[in-house]
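Visitor: Hello, I am new to this structure. Please take a close look at a single part of it with me.

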Amino acid sequence: MEIEIEDLTYKVEGWNNSKVFKKADSLEIMKQVLKYYNELKSILNAGDTLEWKKRISKKRNLENFL
């Protein structure tokens with residue numbers, strides 16, 4: 001089943017810029033992703049709302065830019 005969406009408020013890159021990684025690359029990327037999410041978890045567990053808002057606003061600004 002396919003759908004076609006013509007009018008989005010932002011650009012969706014999808015698979016256009018995807019990359020194929022070797023297994024070694026995948027392990028390194030997985031380590032980076034886990035590190036990032038552990039940072040987010042620590043921020044939430046510490047109740048650091050200022051840092052959380054800063055991280056979220058960066059993401060929203062990036063989405064609005066695209």
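Visitor: In which helix do K54 and E51 both lie, and how many residues apart are they?

Guide: Both K54 and E51 belong to helix α2, where three residues, about one turn of the helix, separate them. A word on the numbers first: residues are counted from 1 along each chain as its sequence is written. This is a predicted model, where local features need pLDDT of at least 70, side-chain atom pairs count only at pLDDT 80 or more, and totals for chains, interfaces and linings use all residues, while side-chain values use heavy atoms, leaving out hydrogens and water.

The protein has two helices and zero strands; these are DSSP runs numbered from the N terminus, with at least four residues (H or I) for a helix and at least two (E) for a strand.

Now to the pair itself. K54 and E51 form a salt bridge, with their closest N and O atoms 3.1 Å apart. That term means a side-chain nitrogen of Lys or Arg within 4 Å of a carboxyl oxygen of Asp or Glu. K54 is partly exposed at 43% relative accessibility, the class between buried (under 20% relative accessible area) and exposed (over 50%), using a 1.4 Å probe and protein chains only.

E51 also meets R55 in a salt bridge, at 3.0 Å from N to O; these two are four residues apart in helix α2. R55 in turn has a salt bridge to E39 at 3.4 Å. Since R55 lies in helix α2 (residues 49–65) and E39 in helix α1 (residues 23–46), the pair ties together parts 16 residues apart in sequence. Together, E39, E51, K54 and R55 are linked in a network of salt bridges.
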